[in-house]
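Welcome! Here is a short briefing to read alongside the sequence and the 3D view. Take it one topic at a time, and find each residue in the picture as you go.

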Amino acid sequence: MEIKTVAIIGLGALGMMYGKQFADHLGNDAVRIVADRRRIERYKKEGVYCNGEPCAFHYVATDEQMEPADLLIFTVKYAGLAKAIESARNQVGPNTTLISFLNGISSEQMIGEAFGFKQLLYSIVAGMDASKIGNQLTYTKIGFVSFGEKDDARTEKVAALQQLFEKAEIPYEIPARMMHKMWSKLMVNTGVNQSTAVFATNYGGIQVPGKPRDTVIAAMKEVIKVANAEGVPLRESEIAGWLKINDALSPEGMPSMRQDTLQHRPTEVDLFAGTIRRLGKKHRIPTPVNDFLYTQLCKIEASYS
């Protein structure tokens, strides 16, 4: 099994960053950016830029018939996932590997129900400082991808994706416990994404002592309590590791949720605080910090109109 063609649906910060990395190492013809025809026209007219360099992406319309891709990567926001699944159907065949770079722990269920869980790998992405404003993407760190099977088996799909990432020079890891890793990433997103958005700051604002950083840590501790109740053995010692990763990012960089609030876009608050609050109620675990973040983010979104 070898991955020769990659399709990406969702040209946000991650789609642009990884699309550029794949295109630079595999060639433009091997990488498809999937979008509707109206978006493609806009991309071609306005251009797409990574660190000031124009990206000559190979665009493929959602209704275009072609050989399925070997790998399909979802890089849309969660609110757009259902539509993206329908738009990507022409890229999926019986041997297509599917992977989601979405935040949270919910997207894999939707993708698996649509196309089959046997073709699905689980993943998280972390450690990047990509910031997208309009058609301009800037970043200094590409981060890393953690991926694997839900049961942690070392399958042919895992080996093929590992080979692809090495060829494309994309940092990766294959964790011993993939689901634990996904919950761990949910933990850091719940703290970092939401706190930077609520306190209207960047990575620099949570890299120093103060209320934003304290809120990051407190929100993450609530995730640990909920995860433990769900049977996932997250530990408070893991918080320090994530803080170290975030402290090494460009202070001027911003996580995706802060970028969303700056551009008056809907946030993924339901994936983060929403998930923790629901599970907190299920297990009768108080979540006052996530209650605060949820309330504040809903107010921010309501202020757009």
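## Briefing on a predicted model

Met 179 has its place in helix 6. Please keep in mind that this is a predicted model.

- Is Met 179 buried, exposed or partly exposed? Met 179 counts as partly exposed because its relative accessibility is 27%, and partly exposed is the class between buried, under 20%, and exposed, over 50%.
- Leaving out residues up to four places away in sequence, Met 179 touches Tyr 122 and Lys 150.

- The model has an open sheet of 8 strands with mixed pairing, and the strand order is 5-2-1-6-7-8-11-12.
- Which strands form the edges? They are strand 5 (59–61) and strand 12 (172–173), each of which pairs on one side only.
- Helix 6, residues 178–198, packs on this sheet and touches strand 8 (120–128), strand 11 (142–148) and strand 12. The direction of helix 6 makes about 40 degrees with that of strand 8.
- As background, the strands of a sheet pair through backbone hydrogen bonds, either parallel or antiparallel.
- Strand 1 (residues 6–9) and strand 2 (residues 31–35) run parallel and are joined by 4 bridges. Ile 9 has Val 34 in strand 2 as its bridge partner.

**Side chains on the strands**

- In a regular strand, side chains alternate between the two faces of the sheet.
- Strand 1 lets you look for this: Val 6 and Ile 8 point one way, while Ala 7 and Ile 9 point the other way. All of these residues are buried.
- Thr 97 lies in strand 7, which covers residues 97–100. Thr 97 is buried because its relative accessible area is 1%, and the cut-off for buried is under 20%.
- What is Thr 97 in contact with, leaving aside neighbours within four places in sequence? Its contacts are Met 1, Asp 70, Leu 71, Leu 72, Gln 119, Leu 121 and Lys 157.

**Cavities**

- Rolling a probe the size of a water molecule over the atoms shows where empty space is left.
- How many cavities of 30 Å³ or more are there? The count comes to 2.
- The largest cavity has a volume of about 40 Å³. Its lining is made up of Phe 101, Leu 102, Asn 103, Gly 104, Ser 123, Ile 124, Val 125, Lys 185 and Asn 189.
- Strand 8 and helix 6 are the elements that give two or more residues to the lining of the largest cavity. Strand 8 gives the most, with 3 residues.
- By class, the lining of the largest cavity holds 4 nonpolar, 4 polar and 1 charged residues.
- The second largest cavity holds about 30 Å³ of space. Among the residues lining the second largest cavity are Phe 147, Gly 148, Arg 154 and Pro 175.
- The lining of the second largest cavity divides into 5 nonpolar, 1 polar and 3 charged residues.

**A pocket beside helix 6 and helix 9**

- The second largest pocket contains about 160 Å³ of space.
- Helix 6 and helix 9 (237–247) each supply at least two residues of the lining of the second largest pocket.
- The lining of the second largest pocket includes Phe 144, Arg 177, His 180, Glu 238 and Trp 242. The residues of this lining divide into 5 nonpolar, 2 polar and 4 charged.

**Two loop residues with a positive phi**

- Most residues other than glycine have a negative phi.
- His 264 has a positive phi of about 55 degrees although it is not a glycine. His 264 sits in the loop between helix 10 (256–262) and helix 11 (270–282).
- His 264 is exposed because its relative accessible area is 51%, and the cut-off for exposed is over 50%.
- Arg 284, which is not a glycine, has a positive phi of about 55 degrees. Look for Arg 284 in the loop between helix 11 and helix 12 (288–302).
- Arg 284 is exposed, with a relative accessible area of 78%.

Terms used. Residues numbered from 1 in each chain as written. Predicted model: local features only at pLDDT ≥ 70, side-chain atom pairs only at ≥ 80, totals over all residues. Heavy atoms only, no water. Pairing = 2+ DSSP bridges. Contact = heavy atoms within 4.5 Å. Axes fitted to C-alpha atoms, helices over the stretch in contact; angles between N-to-C directions. Buried < 20%, exposed > 50% of the residue type's maximum accessible area, 1.4 Å probe, protein only. 1 Å grid on protein atoms, 1.4 Å probe; cavity = no way out; pocket = protein on both sides within 12 Å on 5 of 7 lines; lining within 4 Å. Points joined across faces, edges and corners; volume = space filled by probe spheres on them. Nonpolar A, V, L, I, M, F, W, Y, C, P; charged D, E, K, R; others polar.
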